[in-house]
Amino acid sequence: MRIVKKMKNKEIKLVLTGKPLSTNHIYKMSCLGGVPRYYMTKEGKQRKIDYQWQINQQYKGQPIKEEVEMDVRIFFGDKRKNDYDNFGKILNDSLIGQVLVDDSQIKKATIILDYDKQNPKIELTIKKYETT
């Protein structure tokens with residue numbers, strides 16, 4: 001079990017490589033007896049494991065418990081139209097237990113959608129949330 005510690009006045013910077021997957025590619029629904037059931041796809045499970053491994057390689061600290069703000073820059077491999085709100089769930093879920101205790105700690109998020117054909121990725125900066 002990891003010990004939770006307070007975040008000092010520092011930033012945590014992470015780069016997660018690989019094609020960003022939308023929620024529509026990660027979660028699917030099936031009906032069993034007329035009752036809808038949501039599940040994570042095989043591709044979604046693998047991407048979450050991959051992101052967690054990458055986070056573990058870059059962040060060696062303990063999960064923080066304070067409120068945070070995040071700057072997220074998503075680089076897509078093509079210029080197709082993408083909705084920013086379809087890409088946060090797997091990212092947030094991957095941070096739990098490694099960088100954050102719970103994704104409810106995220107009080108502010110700035111998201112920029114960008115393009116990099118050769119190197120699709122997600123760049124993430126996490127810092128202590130300061131109210132103004």
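These legends describe close-up views of a predicted model.

**View 1. Helix H2 has a buried face.**
Helix H2 covers residues 42-58, 17 residues in total. At 1.5 Å a residue it should span 24 Å, and its end C-alpha atoms lie 25 Å apart, which agrees. Its buried residues are Gly44, Arg47, Tyr51, Gln54 and Ile55. Seen down the axis of H2, they fall within an arc of 100°, so they line one face of the helix. The face turned away from that buried side carries exposed Lys42 and Trp53.

**View 2. Helix H3 is largely enclosed.**
Helix H3 runs over residues 88-95. Six of its eight residues are buried, so the rest of the structure largely encloses it. Those six are Ile90, Leu91, Asn92, Asp93, Ser94 and Leu95. Just after H3, Gly97 takes a positive phi of about 85°.

**View 3. Asn92 sits within H3.**
Asn92 lies in helix H3. Its relative accessible area is 18%; buried means under 20%, so Asn92 counts as buried. Leaving aside residues up to four places away in sequence, Asn92 touches Met70, Asp103 and Ile106.

**View 4. S4, H3 and S5 form a β-α-β unit.**
The unit made by S4, H3 and S5 is right-handed. Strand S4 (residues 68-76) pairs with strand S5 (residues 106-115) in the parallel sense, over nine bridges. Arg73 stands opposite Ile112 in S5.

**View 5. Lys127 and Asp71 meet in a salt bridge.**
The N to O distance between these side chains is 3.2 Å. Lys127 lies in strand S6 and Asp71 in strand S4, so the pair ties together parts that are 56 residues apart in sequence. Both partners are partly exposed: Lys127 has a relative accessible area of 23%, and Asp71 has 27%. Side chains of opposite charge can pair when their charged atoms come close.

**View 6. Two further salt bridges, Arg80 with Asp78 and Asp116 with Lys121.**
The structure holds eight salt bridges. Between Arg80 and Asp78, the closest N and O atoms are 2.9 Å apart. Arg80 is exposed at 58% relative accessible area, whereas Asp78 is partly exposed at 27%. Between Asp116 and Lys121, the closest N and O atoms are 3.3 Å apart. Asp116 is partly exposed at 22%, while Lys121 is buried at 9%.

Note on methods: Residues are numbered from 1 along each chain as its sequence is written. This is a predicted model: local features need pLDDT of at least 70, side-chain atom pairs count only at pLDDT 80 or more; totals for chains, interfaces and linings use all residues. Side-chain values use heavy atoms; hydrogens and water are left out. Buried means under 20% relative accessible area, exposed over 50%, partly exposed in between (1.4 Å probe, protein chains only). Helices (H or I, at least four residues) and strands (E, at least two) are DSSP runs, numbered from the N terminus. The expected span of a helix is 1.5 Å times one less than its number of residues. The arc is that of the directions from the helix axis to the C-beta atoms. Two strands pair if DSSP finds at least two bridges between them. A crossover is right-handed if, with the strands pointing away from the viewer, the path from the first strand over the helix to the second runs clockwise. Contact means heavy atoms within 4.5 Å. A salt bridge is a side-chain nitrogen of Lys or Arg within 4 Å of a carboxyl oxygen of Asp or Glu.
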